[in-house]
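Hi there,

Here is the structure I promised to pass on to you. Have a look at it first, and then read on for my notes.

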Amino acid sequence: MEHREACGGDGESGDGAGIMTQIPWNLSDKYRFKTCPQPGVGMIFLPCDPECRTAIKEMMEDVCECNKLGFLGWREVPVYNDALGPLAKAV
């Protein structure tokens, strides 16, 4: 991401800004229905502590239920720590 000044001081670590894209609805047809043609998608950064993770996940599911929102599930995002630069590893 050097082209947008997103590299850290070590030349390897990024700034974590990410890239915004549209939701690829054609890849998620099994979640689309006539009554819900464009379901919501949320990204939540959870703590590493297992007890805190569980508590926050339960809270999020409860909030969805209280607001009559169907909750489909969680997806663990793969993490490749070998790709991190020295500054990112130091945090």
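R53 and E76 form a salt bridge, with their closest N and O atoms 3.3 Å apart. R53 belongs to helix α1 while E76 sits in the loop between α1 and α2, so this pair ties together parts that are 23 residues apart in sequence. Please keep in mind as you read that this is a predicted model.

How exposed are the two partners? R53 is partly exposed, because its relative accessible area is 21%, a value that falls between the limits of 20% for buried and 50% for exposed. E76 has a relative accessible area of 55% and is therefore exposed, since the limit for that class is over 50%.

E76 has another partner as well: its side chain meets that of K57 in a salt bridge, at 3.7 Å from N to O. Here too the pair links distant parts of the chain, with K57 in helix α1 and E76 in the loop between α1 and α2, 19 residues apart. Taken together, R53, K57 and E76 are linked in a network of salt bridges. A search of the whole structure finds 2 salt bridges.

Next, the aromatic residues. How many aromatic pairs does a search of the whole structure find? The count is 1. The pair is formed by F71 and W74, and it is tilted, with 5.4 Å from centre to centre and 55 degrees between the planes. If you wonder about those two values, a pair of aromatic rings is described by the distance of the centres and the angle of the planes. The angle of 55 degrees makes the pair tilted because planes under 30 degrees apart count as stacked and those over 60 as edge-to-face.

F71 is partly exposed, with a relative accessible area of 33%. W74 also counts as partly exposed, at 33% relative accessibility, and its place is in the loop between α1 and α2, where α2 covers residues 86-90. Both residues turn up again on the surface: I44, F71 and W74 form a nonpolar patch there, with about 240 Å² of accessible area together.

Which residues form the negative surface patch? They are E58, E61, D62 and E65. Of these, E61 lies in helix α1, which runs over residues 50-66. E61 counts as partly exposed because its relative accessibility is 30%.

Phi of K68 is near 55 degrees, a positive value in a residue other than glycine. With a relative accessibility of 78%, K68 counts as exposed.

The other is A83, whose place is also in the loop between α1 and α2. What is the distance in space between A83 and S13, C-alpha to C-alpha? It is 8.9 Å, although A83 and S13 are 70 residues apart in sequence. A83 itself is exposed, as its relative accessible area is 65%.

Terms used
Residues numbered from 1 in each chain as written. Predicted model: local features only at pLDDT ≥ 70, side-chain atom pairs only at ≥ 80, totals over all residues. Heavy atoms only, no water. Patch = residues over 30% accessible without salt bridge, like charges linked within 9 Å, V, L, I, M, F, W, Y side chains within 5 Å. Areas by Shrake-Rupley, 256 points an atom, 1.4 Å probe, with all protein chains shown as cover. Salt bridge = Lys/Arg side-chain N within 4 Å of Asp/Glu carboxyl O. Lys, Arg positive; Asp, Glu negative; His and termini not counted. Charge placed at Lys NZ, Arg CZ, Asp CG, Glu CD. Helix = DSSP H or I, 4+ residues; strand = E, 2+ residues; numbered from the N terminus. Buried < 20%, exposed > 50% of the residue type's maximum accessible area, 1.4 Å probe, protein only. Phe/Tyr/Trp six-rings, centres within 6.5 Å; stacked < 30°, edge-to-face > 60°.
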